[in-house]
Amino acid sequence: MSDTDARAALPRTDTLLADPDVLAAGAGRGAETVRRTVRSVLERARAGEVAVGDVRTTVLTELAAPASSLSPVLNATGVVVHTNLGRAPLSAAAVEALAGAAGHTDVELDLATGRRGRRGASVLAALLEAVPAAEAALVVNNAAAALLLACTALAGGREVLVSRGEMVEIGDGFRLPPLVESGGARIREVGMTNRTSLRDYEDALGPETGAVLKVHPSNYRVTGFTSSVPVRELAGLPVPLVADIGSGLLVPDPLLPDEMDAATTLADGADVVLFSGDKLLGGPQAGILLGRAEVLEVLRRHPMARALRVDKLTLAALEATLRGPVPPVPASLHLDPGEHSRRTAALREAVGAGEVVPCVGRVGGGGGPGVELPGVALALPEEVAARLRRGRPPVLARVEGGRCLVDLRCVAPAADDELAGAVRAALAGD
Ligand SMILES: *Cc1c(COP(=O)(O)O)cnc(C)c1O
């Protein structure tokens with residue numbers, strides 16, 4: 001068939017748009033998306049990129065694809081808070097709350113009186129119940145936003161004292177000083193990289209000091225000849241003390257002895273603690289601020305608070321994370337070793353290949369930089385890892401020592417069969 005004949009054989013736009021299968025496949029999409037898809041496939045057919053005979057099926061396939069192209073993946077890396085995989089997976093309770101809040105909700109309305117209510121009042125109450133040492137709470141977009149808001153509201157146009165040993169890069173090239181200074185406060189470094197004393201803070205303190213900031217080393221460790229000033233001592237300084245504890249432990253966790261937690265940090269005298277919602281807490285992306293009522297009121301009233309506020313979906317998911325059953329992140333951290341071994345042996349059985357070997361899981365971007373989480377994994381040939389990643393669903397495994405390690409630590413038990421299917425397909429080379 002010549003090019004001209006082929007083009008003549010192309011279905012017409014109107015015919016495709018009226019096709020019952022196209023209508024059915026496009027039912028979950030807007031009419032405009034359906035038209036755009038049909039036009040795009042026809043254009044590609046004219047350009048020779050889609051065979052004329054495949055036009056109709058290509059349209060149907062493209063319309064059937066999910067409306068969001070973010071693909072769910074199975075995290076078999078053994079890294080609990082994996083930044084590239086969206087950090088914390090939400091609990092079933094949080095997912096249900098998200099869906100429930102998607103339409104109209106009473107996020108800023110008191111249904112009893114019919115008057116405007118405090119936005120997200122119930123999630124704030126849940127935070128205060130979880131950390132009774134806090135007098136007040138505020139939720140913003142993420143911990144970086146919480147840090148920016150606290151420093152700007154308390155020290156805008158003035159100085160924030162920070163130990164040189166806590167001048168961190170959060171990730172992806174974003175560093176603490178430019179972040180804080182973008183809001184108008186100036187960073188004043190005190191002490192040395194390895195050692196900072198209370199005296200260093202006292203010497204720097206003056207009329208220009210707006211706040212002292214303590215930053216937890218979430219993703220690195222300073223070891224050797226080191227010293228830093230604990231919150232307890234910094235709390236005695238006559239300016240507000242802001243503690244960025246990063247990872248989001250509400251109360252101490254014996255598994256993570258070096259992580260700061262909100263309850264202890266507030267009891268030690270910090271005026272404000274701030275942390276991420278989607279690290280160890282296991283909730284949605286958010287920046288949570290807890291602390292003294294009068295200080296948090298200054299933050300809440302600052303214009304920047306409005307620009308950094310979270311939506312109803314985040315509020316709903318966060319409240320369900322706090323009030324619901326143990327979310328996946330803490331569950332993966334505190335996995336029962338017997339259960340981990342049993343599931344891994346069952347996976348080996350189901351796929352009929354590989355070897356169950358000891359392996360070490362990690363906390364990941366959420367904190368605990370030196371913490372090892374002993375466990376087991378199914379060891380497969382290294383080349384299986386890339387096939388798993390390109391499979392359906394995509395499975396992210398860990399490549400270590402020339403092997404592909406499939407670690408069930410962060411895989412929900414309900415997904416074990418799906419994972420086994422994906423491993424079988426990868427082994428078969430499909
Ligand atoms: C992770 C982290 C942040 C950034 O948190 P986001 O929620 O990603 O903005 C800031 N400070 C510390 C100490 C952290 O660990």
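Author: The axes of helix α17 (residues 337–351) and helix α19 (residues 416–428) come within 9 Å and cross at roughly 45 degrees, the axes being lines fitted to C-alpha atoms over the stretch in contact, with angles from 0 to 180 degrees between N-to-C directions. These two helices are therefore oblique to each other (under 35 degrees is roughly parallel, over 145 roughly antiparallel, 65 to 115 roughly perpendicular, and the rest oblique). Helix α17 passes α19 in a right-handed crossing, that is, the near helix is turned clockwise from the far one by less than a right angle. This is a predicted model, in which local features need pLDDT of at least 70 and side-chain atom pairs count only at pLDDT 80 or more, while totals for chains, interfaces and linings use all residues. Residues are numbered from 1 along each chain as its sequence is written, and side-chain values use heavy atoms, with hydrogens and water left out.

Helices α4 (residues 31–46) and α5 (residues 55–64) have axes that come within 10 Å and cross at roughly 140 degrees, which makes α4 oblique to α5; the crossing of this pair is right-handed. For helix α6 (residues 92–101) and helix α15 (residues 312–323), the axes come within 8 Å and cross at roughly 150 degrees, so α6 and α15 are roughly antiparallel to each other, and α6 passes α15 in a right-handed crossing.

Arginine 87 is found in the loop between β2 (79–81) and α6, where its phi is near 55 degrees, a positive value in a residue other than glycine. Arg87 is also one of the residues around the ligand, and the others are Asn142, Ala143, Ala144, Ile170, His216, Ser218, Asp244, Gly246, Ser276 and Lys279 (a residue counts if one of its heavy atoms lies within 4 Å). By class, this shell has three nonpolar, five polar and three charged residues, and both α8 (143–155) and β11 (241–246) supply at least two residues of it.

The ligand exposes 390 Å² when taken alone, and the protein buries 91% of that (Shrake-Rupley method, 1.4 Å probe).

Elsewhere along the backbone, arginine 392 and proline 393 are joined by a cis peptide bond, with omega about -5 degrees. Proline 393 is found in the loop between α18 (384–389) and β16 (395–400).

Technical notes:
Helix = DSSP H or I, 4+ residues; strand = E, 2+ residues; numbered from the N terminus. Nonpolar A, V, L, I, M, F, W, Y, C, P; charged D, E, K, R; others polar.
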